[in-house]
Amino acid sequence: MNYMNKATTMGMLISFLGLIGLITAMSIGSHFPIYQWPYEAFQGIAFSLSFGLGLSVSISYIVTCVLVFIAASVFFMLGAKLSRCLFRAK
């Protein structure tokens, strides 16, 4: 496994774990089964945007998708940067 693959793999792993952590933080204490937590977290963000900020429903879903993509991207970049620091080519 070369250097770039390690950074990409670590980035994907940290992105996945970060999203799971966010979903868990938002859904902990919920009465829903654990397999419904991602759906409920997504719906909760969309509801908060729609009800709290007064956005239309379709705009809130679009903004929620963008926010989830941004969170995944940030976690990926952090994981890739961490991998580059840990597995620095010598």
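In the predicted model, H2 is followed by glycine 54, a residue with a positive phi near 80°. Helix H2 itself comprises the 17 residues 37-53. The buried residues of H2 are Trp37, Ala41, Ala46 and Leu49.

Two of these residues, Trp37 and Ala41, are touched by serine 27, when residues up to four places away in sequence are not counted. Serine 27 belongs to helix H1, which covers residues 3-27. Its relative accessible area is 5%, and serine 27 therefore counts as buried, the limit being under 20%.

Two aromatic pairs are present in the structure. In one of them, the rings of phenylalanine 42 and tyrosine 61 have centres 6.1 Å apart and planes at 20°. Because planes under 30 degrees apart count as stacked, this pair is assigned to the stacked class. The pair links distant parts of the chain, with phenylalanine 42 located in helix H2 and tyrosine 61 in helix H3 (residues 57-86), 19 residues apart. Both members are partly exposed: phenylalanine 42 has a relative accessibility of 23%, and tyrosine 61 has one of 32%.

The rings of phenylalanine 47 and phenylalanine 51 form a pair that is likewise stacked, with centres 5.4 Å apart and planes at 5°. Phenylalanine 47 and phenylalanine 51 lie four residues apart in helix H2, so about one helical turn separates them. An α-helix has 3.6 residues a turn, and residues three or four places apart therefore point the same way. Phenylalanine 47 and phenylalanine 51 are both exposed, in contrast to the buried Ala46 and Leu49 of H2.

Disulfides are absent from the structure. Cysteine 65 is partly exposed, at a relative accessible area of 44%. Cysteine 85 is also partly exposed, its relative accessible area being 47%.

Note on methods
Residues numbered from 1 in each chain as written. Predicted model: local features only at pLDDT ≥ 70, side-chain atom pairs only at ≥ 80, totals over all residues. Heavy atoms only, no water. Helix = DSSP H or I, 4+ residues; strand = E, 2+ residues; numbered from the N terminus. Buried < 20%, exposed > 50% of the residue type's maximum accessible area, 1.4 Å probe, protein only. Contact = heavy atoms within 4.5 Å. Expected span 1.5 Å × (residues − 1). Disulfide = S-S within 2.5 Å. Phe/Tyr/Trp six-rings, centres within 6.5 Å; stacked < 30°, edge-to-face > 60°.
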